[in-house]
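Student: Could we go through this structure together, one question at a time?
Tutor: Gladly! Here it is.

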Amino acid sequence: MPEVQPFDMVIFGGNGDLAMRKLMPALYHRHQDGALCDEGRIIAASRHAISRDNYVANARDACESHVGAAFSEAVWASFAERLDYICVDVTREADFLPLAERLDEHPTRTRVFYLSTGPSLFTGICHHLGTAGLATENARVVLEKPLGHDLESAEHINREVARVFAEHQIYRIDHYLGKEAVQNLIALRFGNALFEPLWNRSSIRDVQITLAEQVGVEGRGSFYESTGALRDMVQNHLLQLLCIIAMEPPTSINPDAVRDEKLKVLRALHPLTGRDAIKNSVRGQYKAGAIEGASVPGYLEEDGVAPDSTTETFVALKAEIDTWRWAGVPFYLRTGKRMQERVAEVVVNFREVPHSIFSESSMPMPNRLVITLQPDEGVELYLMAKAPGDDMQLRPVALNLDFAQTFTTRKADAHERLLMDCLRGKLTLFMRRDEVDAAWRWIEPILDAWDQQGDRPKTYTAGTWGPAASSALVGRGGYCWHEEA
């Protein structure tokens, strides 16, 4: 693994929720593990006029809260020495001059500009970084999702950022790609000879990818009103998981080798337009219900949500990939808020045996591979085995690999891994510009079809698995969702 070179990391929006909840604890862990070089500075930038001491105190509270039992006063004391704070109103060009002076103290260091802000500020910040002479050859910029609201806005952001930074300097972050279990998908597919001969339409019947949350909009109603589940989860997280499952073996683990193959999947997705989009999609919106025994309000009762809102909090899609490997294999994508369980999983259902020698009462079930990404990471392979007794009765049994039991070392958070990749200059787990464009080109016609149809999302009770129509979507193919099997 390449060593981390001396660096200055500037976090715009350094006082915000993401910075305090994710970025600071992640950097604290990396410091605690000795992964950061001694010559590394973390500069938080925001428009609030507070002192460095006040910022460090706020960051300490955040780290202690989110790190938990692993928090150490001694480690914090040394970590705090890395922290600095500067007041920058990102809409004011003049405010970038003091930042330039601060960074010019160490002009040869790697510079990472982390834009932990809304996407509407991306282009202005990059423009001001360029004007202030901060977009040097050793600079990198990290763009948090969502990257735009549609294809046009995404193209605008990418075009304007590219005026300042070269493509190899731009890190478009999708934190799902930093999860240990997601990277294990790559290891599972391309590190084992067992699966690749079966990884095609001849052996696989269907694939289901689910990202289910129990939380609601968590006080972000006004943000979610302009976003919705399709933009928030499908356009990035779900499509990226689909790419990893479906892509051809890359020639190496190098960034462009992997991203070239992911791009081919996105471009091979069968377009969903007009009536085809309506037929192969389900929109849902949660109403009042209960999560783990506690009553929760419906989406329309959330703060910042319009009382007649048609924003979807649930999406299910049937996608198909027009390639020789996957022709005729349905990929079912599903995501929602206020679902019955918090789970992220990929389920690969294999085809039935071509001829069963067993009685009807003991018919073999199709084999199934379940890759769980959260809350617990692991892989289960369901096989048929004979149950104890005199009769030849088959029952499904699971070969279970629990990563927590197999690997006992502390598991790095997704942002920890991605931050380290930024510092090391590793782009494999970040989206390339053409990937973002291809994803939006597939998503946008679905949004247009929904707008033209004008129907309200189907309601579902909080604490369930979504609208009944999502089961019907899968049922039309003769299948069912994993939890219903």
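Tutor: A definition to begin with: axes are lines fitted to C-alpha atoms, for helices over the stretch in contact, and angles run from 0 to 180 degrees between N-to-C directions. Helices (H or I, at least four residues) and strands (E, at least two) are DSSP runs, numbered from the N terminus. This is a predicted model, where local features need pLDDT of at least 70, side-chain atom pairs count only at pLDDT 80 or more, and totals for chains, interfaces and linings use all residues. Residues are numbered from 1 along each chain as its sequence is written, and side-chain values use heavy atoms, with hydrogens and water left out.

Student: Are helices α6 and α14 roughly parallel or roughly antiparallel to each other?
Tutor: Angles under 35 degrees count as roughly parallel, over 145 as roughly antiparallel, 65 to 115 as roughly perpendicular and the rest as oblique. The axes of α6 (residues 151-162) and α14 (residues 433-453) come within 9 Å and cross at roughly 170 degrees. The pair is therefore roughly antiparallel.

Student: How many charged residues does the contact of α6 with α14 have?
Tutor: Contact means heavy atoms within 4.5 Å. Among the residues that meet are Glu 152, Glu 155 and Arg 159 in α6, and Arg 433, Asp 437 and Arg 441 in α14. Ala, Val, Leu, Ile, Met, Phe, Trp, Tyr, Cys and Pro count as nonpolar, Asp, Glu, Lys and Arg as charged, and the others, Gly among them, as polar. By class, the contact of α6 with α14 has five nonpolar residues, one polar and, for the class you asked about, seven charged.

Student: How do α9 and α14 lie: roughly parallel or oblique?
Tutor: Helix α9 (residues 228-246) packs with α14 at an angle of about 135 degrees, their axes being 10 Å apart. By the angle ranges above, α9 and α14 are therefore oblique.

Student: How many disulfides are there?
Tutor: A disulfide is a pair of cysteine sulfur atoms within 2.5 Å. For Cys 37, the closest cysteine sulfur is in Cys 422, 15 Å away, so that is too far for a bond. By this rule the count of disulfides is zero.

Student: Is Glu 292 buried or exposed?
Tutor: Glu 292 is in the loop between β9 (289-291) and β10 (294-296), and has a positive phi of about 50 degrees although it is not a glycine. Buried means under 20% relative accessible area, exposed over 50%, partly exposed in between (1.4 Å probe, protein chains only). At 71% relative accessibility, Glu 292 counts as exposed.
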